[in-house]
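The sequence and the structure are shown first.

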Amino acid sequence: MRGKIGVSEFLIYLIQERRTNIITTELKYGDKKINLALDSKNLIGLITARQNQSLENPLDKMRKLLDEPINSPSLKQLIKDKKAKRILIVANDITRPTPYDVFLPPLLDILEQLGIQKENITFIVATGAHRGNTKSENKRVFGKQIVLTYHFINHDCDDQRLIDLGKMKSGNHLWVDPVVKQVDFIITTGVIVPHYIAGFSGGRKSILPGICGRETIEKNHANMIHPQAFTGNLLNNPVHQEMMESIQMVSVDFNINAITDEEG
């Protein structure tokens, strides 16, 4: 600075000088974003996920995959072969960003084409040991029209009506929501992301912990101290192995999973 300046001018100068060293970045927080201001000397860099090209028309891709799934007959054929009339769709709760705007329209179209009555289609929100979704949260996740048209229930891991499907190889009893015995065909849905003890989420996690009893969930998660229970690992992982056994005991018929980018 050259010459004399007043106190107010000096304060403005300090603020301007300080602003040149501040870097502001956005952090995701729930369904919002917050700004974080850091002094540039304290910022080494920003780590972001590798960007892959997303599907240009995910709905068309979804329709094709329902007709030609991976290692499976078509969804239509499976339902016809089983002569199924009562369908259960296991859905993620509000804590899992799952693209139901892509999953559900083609899926529900197929069920309608097969003559499945809407009142015979049940959605169960796989809360695990979380709280249930509110009605407004369901509308946000699944869409208002779908929530008003179909029957939605929240799983309750402490429900006294849970049924015991028997012991798994580990000795852990598989307590599950009784709705699994009230339907003919079970469809699980979800997203695949790294999981800190199961290796990855998706698939079998819709059942365990998704619609299991608290005792079953706690005994399964107690395996987190096992050396093979870590992010990205499925090999000899007891958490994963119990989850795989659970989908066989419940007799899941079809599974729909997605891998999403940072924007869902």
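Leu 55 sits in the loop that runs between strand 2 (32-39) and helix 2 (58-67). In this predicted model, Leu 55 is classed as exposed because its relative accessibility is 51%, and exposure requires a value over 50%. From Leu 55 to Thr 134 the C-alpha to C-alpha distance is 31 Å, with 79 residues of sequence separation.

Most residues other than glycine have a negative phi, and most peptide bonds are trans. Asn 71, although not a glycine, has a positive phi of about 55°. Asn 71 belongs to the loop between helix 2 and helix 3 (75-82), and its relative accessibility of 81% makes it exposed. Lys 83 is likewise not a glycine and has a positive phi of about 55°.

The peptide bond between Leu 208 and Pro 209 is cis, with omega at about 15°. Pro 209 is placed in the loop between strand 10 (199-200) and helix 7.

## The second largest pocket

The volume of the second largest pocket is about 280 Å³. Its lining comprises 23 residues, of which Arg 96, Ala 126, Lys 205, Pro 209 and Gly 210 are the closest to the pocket centre.

Strand 8 gives the most, with three residues. By residue class, the lining of the second largest pocket consists of 14 polar, six nonpolar and three charged residues.

Which residues of helix 7 are buried? They are Thr 216, Ile 217, Asn 220 and His 221. These four lie on the same side of helix 7, because the arc they cover around the axis is only 120°. An α-helix has 3.6 residues a turn, so residues three or four places apart point the same way. The cover over the buried residues of helix 7 includes strand 7 (173-176) and helix 8 (238-250).

Thr 216, in helix 7, has a relative accessibility of 0% and therefore counts as buried. Beyond its neighbours within four places in sequence, Thr 216 contacts Met 168, Asn 172, His 173, Leu 174, Trp 175 and Leu 208.

## Nonpolar cores

The largest nonpolar core contains 32 residues, and Leu 75, Ile 87, Leu 104, Phe 123, Phe 142 and Phe 185 have the most contacts inside it. Helix 4 (residues 100-113) provides the largest share of this core, namely eight residues. Apart from this core there is another of 23 residues, which includes Val 176, Val 180, Ile 207 and Val 239.

Phe 123, one of the residues with the most contacts inside the largest core, touches Ile 89, Leu 104, Leu 108, Ile 146, Tyr 150, His 151, Phe 152 and Ile 153, when residues up to four places away in sequence are not counted.

Notes:
Residues numbered from 1 in each chain as written. Predicted model: local features only at pLDDT ≥ 70, side-chain atom pairs only at ≥ 80, totals over all residues. Heavy atoms only, no water. 1 Å grid on protein atoms, 1.4 Å probe; cavity = no way out; pocket = protein on both sides within 12 Å on 5 of 7 lines; lining within 4 Å. Points joined across faces, edges and corners; volume = space filled by probe spheres on them. Helix = DSSP H or I, 4+ residues; strand = E, 2+ residues; numbered from the N terminus. Nonpolar A, V, L, I, M, F, W, Y, C, P; charged D, E, K, R; others polar. Core = buried A, V, L, I, M, F, W, Y, C linked by side-chain atoms within 4.5 Å. Buried < 20%, exposed > 50% of the residue type's maximum accessible area, 1.4 Å probe, protein only. Contact = heavy atoms within 4.5 Å. Arc of directions from axis to C-beta.
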